[in-house]
Amino acid sequence: MTEAEWSHWMAAAQQGDADAYRHVLAEAAVWLKRFFLRRLPPSMVDDAIQDTLLAVHEKRHTFDPSQGFGPWLAAIARYKWIDRLRAENRADMVPIEDDLAIGDHEEQITTAHALERLLGMLKPAQAEVIRLVKLQGLSIEEAARRTGQSAALVKVNIHRGLGRMNEMVIRGSDVD
């Protein structure tokens, strides 16, 4: 499926064409599965796909056919991916018992490695505020105080950094 076909079907879906909507969501689910399998543990992939498709459904009125469906979908998927990573980091704060069996952490390490490689390709100021706000959950003001940047600059650096990461993911930069 081409970008033009995706955009055409999504535009038709916005006009009420249910068949086009089902078709574009089915194709998006295939793309999302590949996207999330490279970034999340397999146990998290189906939930991430579902969350992303729900977000697409809820925000379908914001899709601009002149901008292309692929980048729009990739942006939503990227946010859902970061939400999953952030939730996983918060879940990791539970104390670990001494006799807990240690499982295989290869997938989490692979995901963390891919994210670190992407962050490593950004300007240091952008990567730092993305780590603080998007991964550690600090507020914009807290990140501004910690980094010495103004709150406005923190927002700009996050926006530009996430945009740059999105471009790298769409272009298929070797982040795995």
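The largest nonpolar core has 46 residues, and Met10, Phe36, Phe69, Trp81 and Met165 touch the most other members. A nonpolar core here is a set of buried Ala, Val, Leu, Ile, Met, Phe, Trp, Tyr and Cys residues joined through side-chain atoms within 4.5 Å. Buried means under 20% relative accessible area, exposed over 50%, and partly exposed in between (1.4 Å probe, protein chains only). At least two core residues come from each of α1 (3–14), α2 (18–37), α3 (42–59), α4 (69–91), α5 (106–120), α6 (124–135), α7 (140–147) and α8 (151–170). The top contributor is α4, with 8 residues. In soluble globular proteins, nonpolar side chains tend to be buried together.

This is a predicted model: local features need pLDDT of at least 70, side-chain atom pairs count only at pLDDT 80 or more, and totals for chains, interfaces and linings use all residues. Residues are numbered from 1 along each chain as its sequence is written, and side-chain values use heavy atoms, with hydrogens and water left out.

Take Trp81. Beyond its neighbours within four places in sequence, Trp81 is in contact (heavy atoms within 4.5 Å) with Phe35, Phe36, Arg39, Leu40, Thr111, Leu115 and Leu118.

The protein has 8 helices and 0 strands. Helices (H or I, at least four residues) and strands (E, at least two) are DSSP runs, numbered from the N terminus. Buried residues make up 38% of the 176 residues. Of the contacts with a separation of 6 or more, 64% join residues 24 or more positions apart.

Next, the pockets. On a 1 Å grid over the protein atoms alone, a pocket is an open set of points where a 1.4 Å probe fits, with protein on both sides within 12 Å along at least five of seven lines; lining residues have an atom within 4 Å of a point. A volume is the space filled by probe spheres set on the points, which are joined across faces, edges and corners.

| Pocket | Volume | Lining |
|---|---|---|
| Largest | about 240 Å³ | 15 residues |

Trp6, Trp31, Gly70, Ala74 and Ile170 lie nearest the centre of the largest pocket. Its lining draws at least two residues from each of α1, α2, α4 and α8, and α4 gives the most, with 4 residues.

Two or more lining residues come from α4 and from α5. Here α5 gives the most, with 5 residues.
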